[in-house]
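Dear colleague,

Please find the structure below, followed by a short account of what was found in it.

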Amino acid sequence: MDTQSIIVRPFTYSDLKDVIKMDDESGNYVSQWVKDLEGEDDNYNDYSWGIYINNELAGYCTIGYADDVCPVIENHPLHNSESYLLSDVYMKPEYRHQGYGLKLITETIKGRFAKEEKLPVFLQVFYDDLKQFYNKAGFEWIHDKNDYSCMVYDPNK
């Protein structure tokens, strides 16, 4: 029987050290959002999320408003000023291809929806081999002639 403890939750300021370490590994800068939590109520954060496996940070992502995006997303019929953008998705190599990344993004979207209304979630895919991964989470490809590699999650489907 699998006895792993798997938790997906928003970061708190006390997670900063682990997030900085993961930033160094991933090349992202998620710690900027966690630093802003200093002195805040831990329930305030709904932007940066992590997945913990046996109390170890195994991956993270961010989900915020899709307000500064590429033209494909900006011109999409589902996009509005309240739409979300999923970004900075990263899993440590030893946790990849085991379903943890899928759990991270689906639980993050669900958690954000719990705090706000269900709105479309967009993302840009920078590696073609990740299209299938995001498709498993319910994202659909946005076809465009400029190949911006964008996807959308429609909560109404």
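A disulfide is counted here as a pair of cysteine sulfur atoms within 2.5 Å. By that criterion the structure, a predicted model, holds 0 disulfides. The sulfur of Cys-70 has its closest cysteine sulfur in Cys-150, at 3.3 Å, which is too far for a bond. Cys-70 counts as buried because its relative accessibility is 9%, and Cys-150 is buried as well, at 0%. Buried means under 20% relative accessible area, exposed over 50%, and partly exposed in between (1.4 Å probe, protein chains only).

As to conventions, residues are numbered from 1 along each chain as its sequence is written. In this predicted model, local features need pLDDT of at least 70 and side-chain atom pairs count only at pLDDT 80 or more, while totals for chains, interfaces and linings use all residues; side-chain values use heavy atoms, without hydrogens and water.

Helix α1 spans residues 16-26, and its buried residues are Leu-16, Val-19, Met-22 and Asp-23. These residues lie on the same side of α1 because they cover an arc of only 125° around the axis, taken from the directions from the helix axis to the C-beta atoms. Helices (H or I, at least four residues) and strands (E, at least two) are DSSP runs, numbered from the N terminus. The buried residues of α1 pack against α2 (31-35), β3 (56-65) and β4 (84-91), with contact meaning heavy atoms within 4.5 Å. On the face turned away from the buried side, α1 carries the exposed residues Lys-17, Lys-21 and Asp-24. Gly-27, which follows α1, has a positive phi near 85°.

Kind regards
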